[in-house]
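Please look through the structure below with an eye to its packing and its open space, which the following paragraphs take in turn.

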Amino acid sequence: AIEEKTQRAGEMSVKLTTLKNDLDETQTQLEEDTGYSAELSKNCQTKAKEYDQVKATRAEELLAIADTIKVLNSDDALELFKKTLPGPSSLLQVGSKRALQAKALEVLEGTAKAHKSPALDLIVMALRGKKGGFEKVTKLIDDMVKNLKREQTDDDAKKAFCGDEIDQTEDKQKELKNKIHGIDTHIEEDENDIESTTGEIKTLREGIKDLDKSVAEATAQRKAEHAAYVETAAQNNAALELLEFAKNRLNKVYHPEQYKEESLVQIRSHVQTRDEPEAFGAQKKQNGGGVIGMLDKLRNDLKLEMNEDKLEESDAQGDYEKLMADSAAKRATDSKALTEKEGAVADATADLTESKAHRKEVMTESQETDRYMSNLHATCDWLQENFDTRKQARTEEIESLEKAKAVLAGADFSLAQKA
């Protein structure tokens, strides 16, 4: 299991390096996109200036139209039309009103040539016509008013859209940046956890290895000590049996009542006993107390030494068993901790990989949101800055056109009454 997790940790390290390379590439792409955004902003400023020029041109055109209508609908012009035109059908027949027509055309043609306005060109053509009434001019005015109102409606909708969309996009930008910061913090925590836990795993492995080595050395030492004890005990038992045999042999002579028959398992004496020659006659037996007492002392000393050896062996065995129990418990604890920490490293590594993938997704979304915001500003900033001016200009234009239409209608009606 350790080898598999070690291999997995290596694979995760490779993957981590790959993800870092992806991050570098993404940051490079972000720099390029930022440069593109700056260039786009510059182009938008140029377009805005061009639009200002177009707007100014349109204003001049509308002013020229208003002046023309004003000239055509003046009291002098109406009075002249009443005197010179025989009926309503000849309103655009300008044979006898060349001076008034020339003045109106001068205003419109100058503006039309300066700004190349198709709408003004159509009005000029209508005024030059020699047949029909004001219907065509009136139709052009209606179309222009309709277009202006539609443009204002579009601007109103676009202004509302821009305001809401910019606010929502700004909120989204802040949310994404906060999210990236949170992910970066989480990634840093995971990397620190992996690094520290990997160090702890290394320490635990070394500790378990040293513990196993200590247990092996203690076991070898205990075996050697026990073998020495067994050998010494066997020798001491043999010596004890030999002393017992010697005492028993002396008892046969000095204390026959304490004498015991020798068994086959006892150590046999190599000393052969013989009866004394009868020629010397009977001799008085000694009690043998000195020799037997010496043997008893040796036996007691040997037994005492054997008891001490036994106690030492028992203590050594107890210490060894306690050491083995403690070592086994520690090894079990360390092994459990090692397994848990390896699992923690695996989980943290998986979480780190997931966090980096998530960061890449959020980073991509953030870059797309930034580009979208740049496009919004490129589209909306000029409109928001000039909205009131454009609205006022359109309002004045519509009022002028509707007034002109009313004047034309009145002129046409008056001519009809004249007929």
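Valine 362 touches Leu176, Lys179, Ile180 and Ile183, leaving aside residues up to four places away in sequence, where contact means heavy atoms within 4.5 Å. This is a predicted model, in which local features need pLDDT of at least 70 and side-chain atom pairs count only at pLDDT 80 or more, while totals for chains, interfaces and linings use all residues. Residues are numbered from 1 along each chain as its sequence is written, and side-chain values use heavy atoms, with hydrogens and water left out.

Val362 is also, with Ile194 and Leu338, one of the residues with the most contacts inside the largest nonpolar core, which has 14 residues; such a core is a set of buried Ala, Val, Leu, Ile, Met, Phe, Trp, Tyr and Cys residues joined through side-chain atoms within 4.5 Å. Helix 5 and helix 6 each supply at least two residues of this core, and helix 5 gives the most, with eight; helices here are DSSP runs (H or I, at least four residues), numbered from the N terminus.

Glutamine 152 likewise lies in helix 5, and it counts as buried because its relative accessibility is 11%, buried meaning under 20% relative accessible area with a 1.4 Å probe and protein chains only. Glutamine 152 touches Phe387, Arg390, Lys391 and Arg394, again not counting residues up to four places away in sequence.

Key: Buried means under 20% relative accessible area, exposed over 50%, partly exposed in between (1.4 Å probe, protein chains only).
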